[in-house]
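This report goes through a protein chain, from ring pairs and charged contacts to its domains and surface. Please look at the sequence and the structure first.

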Amino acid sequence: MKELGRLLSIMLPQWKWLLLGMLCSLVTLLANAALLSLAAWFLACMALAGITGVPFNYHLPAGGIRTLAIVRTAGRYAERLFSHEATFRLLAHMRVWFFSRLEPLAPAGLASIHSGDVFSRIKADIDHLDQFYLRFVLPLCTAAAALLAVFLFAGWFSPALALYLCCLWILAGGVLPLVLLRQGMSIGQGQVQSLSRMRTLGVDLIRGLEELVVLGQTKSILDELDKENKIQTSIQARYSKLEAWAEGGMTLFVGLSVWGTLIIVIPLVQSGKISGENLPMLAVLALLSFEGVQQLPSAFKAWGRIRASARRLFSIIDQNPLVQDPPEALPAPEQFSIEFREVSFSYPGRSKQVLKSMSFQVRFGEKAGITGPSGAGKTSIFNLLLRFYPLQQGQILLGGRNIQDYRAEDVRSWTGVVSQDCFLFNSSIRENLLLASPHARDKDLWQALARARLEDFVTSLPDSLDTRVGQAGLRLSGGQARRLCIARTLLKDTPILLLDEPTEGLDKDTEAALWDTLQEVMAQKTVILITHRSMGLEYMDRVISMD
C-alpha cells in the first residue's frame, strides 16, 4: 500500500477542505439515520399512546424531526459544496505537484517515453486520482465514524445486536469489497493501460496524418484503435458484472440486518428489557446503517484504477534527473561570456558522438553565428548550454565558471531563446506573454510588443491583449507568431540570447523585417545564432563553421 501513503501525503496541503467535506458528509449520514429512526420511534409511541391512553408529549420529538430534516438538507448541500471544492483544489494541486517534478526530467529523462503517453499521464491519470478523495477516502472515513456511532448506540440497548450488526458490516464493508478489490485491481490496471495506448495512437494519428495518408498506413492505426475500443468494451462489461455482484451482496446483507434485529430485539421486548416503541427504531436504524457501508464496495473497486494511475505517475517522477543541480545556488556571474573547452557529447542510449572535442569562446556582448549542415550538432550546443543534458567530457564555462556549478533553473532564467519552433499556448496574447514574467504590468507588455513591432497589430484587434491565439498560435501568421515569441523573450530581458533558425519558414520580406527587429533585440547581449543558411550572419561579429 505504498501508493496509498504517498497519495495521502499529497493530500495534506488541502487538509482543511478535505476535513470539512468529511464532517459534512458524516453529519448528513447521521442526521438521515437519526431522522428516520426518530420518526419510527415517534410513530410507535403515538400508536401505543392511542391504544393505552397514556398522555404523550409529541412536541419535543416532532421538533427534533423538523430539526434533523433541516440539518440533513443543509448537510447534504454543504457536503457537496465542500467535498467538490476540496476535489478541485486537490486536482489542481496534483497537476502542479506532478509538473514540478516532471519539469527537471525534461527532455533527457523523458526521451524514452512517447509524448502521447506523457500527455495521458498528465491528463487522464491525474483525472483518475480525483476519485481518490470522493470515491475512496471520503466514503471510508465517513462510514467508519458513522458505524462507530451506530455501534455505540445499538450497544446501549443490546450488546448482542451491536455485535451482530458489526459482523454484517465487516462482511458487507470489508470482505465483499476486498473480493471486489482483487477482481477490480487487474481490470482497473488493464483499463488504464488500454486508455493510454488509445491516446498514444490518437496522438500519432493526428500528428502524422499527412504522412500516414501518403504511406497508406491510416488503416493500420484505425485497426489498432478499434482493437483497443473492443478491449474497453470488454472491460466495461466486466465492471458491470462486478457492480451487479456488489449490489446483490449488499442487498442480501441489508435484509439480514433487519431480520437479525427483529430476532434479537423481539425477545428483549417480550421480557421487558426493552420497551416496545424501541423495536421499530432499532430495525430502521439497522437498515439505515448500511447507507454508509453501501459505498465501500465501489470505493474498493475504484482503488484498482486509482492505484494503477498512481503507479504510472510515480514511475516517471521517481526517476533521478540526469542533470544534477549543485547543493547550493550561486549568484549570477558578473559577465556572461560563454566558452566550450574540448566538449564531447552523445545523447543517452546512443554511441555516436554529435560533438567531438569542440572548443570555442563567445565574449560578453559578442554575437557569434554557428553554421553547419543538419546533424552537425548545432542544436546540441544549445541543449548543453540550457543544461537539458548532462555534460560528458570537457567543460562549459559561463562567466568564467563551470556551468555545472550553477542550478539549471538559474541558467535558464539568464537565457532567452528564439527558435523556429515558436510554441504558443491556446490562450490569450496576454497570458502567452506573462509566461516570461508573471508579474509584468500591461505597460510592460505593450513596451515588449512595441519593440517586437507587433503593437499596431495587437491594438487593431477587437480584444487587444485578450485575443486568443489558437492552438499553437494558428490564428496568427508565421511572422506574427515569431514576433510574439520575440516579445516574450524581451519581457524576460536576459543577458544571453540564443537564436535557433529564428526566421526559418518565413518569406523574404517577413524575414528581413524580423531581422531588423532582432538587430535591436541583440544589443548588449551575448548572442549565439545557429543556422545552416547565410541569412542573418551579417549581423554577427564572427562566424564559427562546423563540419
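How many aromatic pairs does a search of the whole structure find? The search finds ten aromatic pairs. Rings of Phe, Tyr and Trp (its six-membered ring) pair if their centres lie within 6.5 Å; planes under 30 degrees apart count as stacked, over 60 as edge-to-face and the rest as tilted. One of the pairs is formed by Phe345 and Tyr389, which are edge-to-face, with 5.9 Å from centre to centre and 65° between the planes. This pair links distant parts of the chain: Phe345 belongs to strand β1 (residues 338-345), and Tyr389 to the loop between α12 (378-385) and β4 (393-398), 44 residues apart. Helices (H or I, at least four residues) and strands (E, at least two) are DSSP runs, numbered from the N terminus. Both Phe345 and Tyr389 are buried. Buried means under 20% relative accessible area, exposed over 50%, and partly exposed in between (1.4 Å probe, protein chains only).

The pair of Tyr406 and Trp414 is also edge-to-face, because the ring centres are 5.3 Å apart and the planes stand at 85°. Tyr406 is buried, at 3% relative accessible area, and Trp414 is buried at 12%. Ring pairs join Tyr406 and Trp414 with Phe336 and Phe364 in a cluster.

The model is predicted: local features need pLDDT of at least 70, side-chain atom pairs count only at pLDDT 80 or more, and totals for chains, interfaces and linings use all residues. Residues are numbered from 1 along each chain as its sequence is written, and side-chain values use heavy atoms, with hydrogens and water left out.

**Salt bridges**

The structure holds eleven salt bridges. A salt bridge is a side-chain nitrogen of Lys or Arg within 4 Å of a carboxyl oxygen of Asp or Glu. Three of them are listed here.

| Residues | N to O distance |
|---|---|
| Arg76 and Glu291 | 3.8 Å |
| Asp410 and Arg407 | 3.1 Å |
| Arg430 and Asp442 | 2.5 Å |

Arg430 is in helix α14 (residues 429-434) and Asp442 in helix α15 (residues 442-451), twelve residues apart. Asp442 is partly exposed, with a relative accessible area of 38%. Elsewhere, salt bridges with shared partners join Arg363, Glu366 and Arg542 into one network.

**Domains and surface**

The domain assignment, which is automatic or from a database, gives domain 1 (1-318) and domain 2 (338-545). Their C-alpha centres lie 50 Å apart.

Leu171 is part of helix α6 (residues 159-207) and is partly exposed, at 37% relative accessibility. Together with Ile170, Val175 and Val179, Leu171 forms a nonpolar surface patch of about 320 Å² of accessible area. Patches are made of residues with over 30% relative accessible area and no salt bridge: like charges are joined within 9 Å, nonpolar side chains (Val, Leu, Ile, Met, Phe, Trp, Tyr) within 5 Å. Accessible areas come from the Shrake-Rupley method with a 1.4 Å probe, and for residues only the protein chains shown count as cover.
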